[in-house]
Amino acid sequence: RVVKLVSLIYVNNEIGTIQDIKAISNIIKSYDKNIILHIDATQALGKISCDVNKLGVDLMSFSSHKFHGPKGVGGLYVRKGILNKIKPVLYGGHQQVISSGTDNHPEIYAMSIALEEQIASNEYEHVNELNLYMRDIILNNIKECRINTPQDNYSPYILSVGFSNIKSEVLLHMFEDKQIYVSSGSACSKGDNNRILLGLGIDKKYSDGVIRFSFSNDISKKDLDYTLDVLKESIDTIRKVM
């Protein structure tokens, strides 16, 4: 078989693992320099380094809403020399080069402003402090839980935690009642169908109760203390009835 394209997630959207894209690129290009390397940088752009030359990638896709830009707009970086290898799915006017239709210029402009502001916020250390703080208070106050996000090579914007003897969807709705908004793993795969949790070998007693916390510069430790209080109360309630 001939390999033409390798596509990877730069930062895992469920547990926050950062892939060593440069090392992967070196392996791929040493095998065959004509193989195109694409990375999904949706969870990375504006948060960690996305220098395409240092990473050694040919294509990089991203989405605006992950750095507080408008929903429904994103981008694709294409390295010079690769464009002629990309074929459109929908054909139409040639003014857009490889896609038909008219670009949404107001949203594209808003996306660029949002990205500039995200980078200028210089929030990484603060967000990392929040991530580590949340890990500590959960582990010190909640029994039978498991941190799924690694301790090294992780994005501080994501924290995945599994709680035993609960259903994450129930916990999620109890959080919503207190105006705390989290996600139960990924919108793409949950529970028994979650290939990430299966790949990690996580026991089912934890995988059924996985919650993903997301962090930003707008969050404070006071917010996390409140979240912990709600978390403790909610888990105690769920475990009593299950």
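Visitor: What does I238 touch, leaving out residues up to four places away in sequence?

Guide: In this predicted model, I238 touches N165, I166, K167, V170, L171 and M174. Contact here means heavy atoms within 4.5 Å. I238 itself is found in helix α8.

Visitor: Why does I238 count as buried?

Guide: Its relative accessibility is 4%. Buried means under 20%, so I238 counts as buried.

Visitor: N165 is among the residues that I238 touches. What makes the phi of N165 worth a remark?

Guide: Most residues other than glycine have a negative phi. N165 is not a glycine, yet its phi is positive, at about 60°. N165 lies in the loop between β6 and α5.

Visitor: Why is N165 called partly exposed?

Guide: The relative accessible area of N165 is 43%. Buried stops at 20% and exposed begins over 50%, with partly exposed in between, so N165 is partly exposed.

Visitor: Which other residue has a positive phi although it is not a glycine?

Guide: H68 has one, of about 70°. H68 is found in the loop between β3 (59-63) and β4 (74-78).

Visitor: How do you know whether H68 is buried or exposed?

Guide: The relative accessibility of H68 is 54%. Exposed means over 50%, so H68 counts as exposed.

Visitor: Where is D208, and what is it in contact with beyond its neighbours within four places in sequence?

Guide: D208 is found in the loop between α7 (204-207) and β7. Its contacts are I166, K167 and S168. I166 and K167 are also touched by I238.

Visitor: D208 is in a loop. Why is D208 called buried?

Guide: The relative accessible area of D208 is 17%. The cut-off for buried is under 20%, so D208 is buried.

Visitor: What makes up the largest nonpolar core?

Guide: This core has 26 residues, and those with the most contacts inside it are I138, F163, L171, F213 and L231. The elements that give it two or more residues are α4 (124-141), β5 (145-147), β6 (158-163), α5 (168-177), β7 (210-214) and α8 (221-241). α8 gives the most, with six residues.

Visitor: Which residues does L231 touch, not counting those up to four places away in sequence?

Guide: L231 touches I138, I142, F163, L171 and F175. Among them, I138, F163 and L171 are listed with L231 as having the most contacts inside the core.

Visitor: What residues does the second, separate core include?

Guide: That core has 24 residues, including I39, I48, F67 and V73.

Visitor: Why are α4 and α8 called roughly parallel?

Guide: They pack at an angle of about 30°, with their axes 10 Å apart. Angles under 35 degrees count as roughly parallel, and α4 and α8 are therefore roughly parallel to each other. The crossing is right-handed.

Visitor: Which residues make the contact between α4 and α8?

Guide: From α4 come E129, L130, Y133, M134, I137, I138 and N141. From α8 come K221, L224, D225, T227, L228, L231 and K232.

Visitor: Which residues of α4 are buried, and what covers them?

Guide: V127, N128, L130, N131, M134, R135, I137 and I138 are buried. What covers them includes β5, β6, β7 and α8.

Visitor: What is the secondary structure of the chain, and how much of the chain counts as buried?

Guide: The chain has eight helices and seven strands. Of its 242 residues, 43% count as buried.

Definitions and conventions:
Residues are numbered from 1 along each chain as its sequence is written. This is a predicted model: local features need pLDDT of at least 70, side-chain atom pairs count only at pLDDT 80 or more; totals for chains, interfaces and linings use all residues. Side-chain values use heavy atoms; hydrogens and water are left out. A nonpolar core is a set of buried Ala, Val, Leu, Ile, Met, Phe, Trp, Tyr and Cys residues joined through side-chain atoms within 4.5 Å. Buried means under 20% relative accessible area, exposed over 50%, partly exposed in between (1.4 Å probe, protein chains only). Axes are lines fitted to C-alpha atoms, for helices over the stretch in contact, and angles run from 0 to 180 degrees between N-to-C directions. Angles under 35 degrees count as roughly parallel, over 145 as roughly antiparallel, 65 to 115 as roughly perpendicular and the rest as oblique. A crossing is left-handed if the near helix is turned anticlockwise from the far one by less than a right angle, and right-handed if clockwise.
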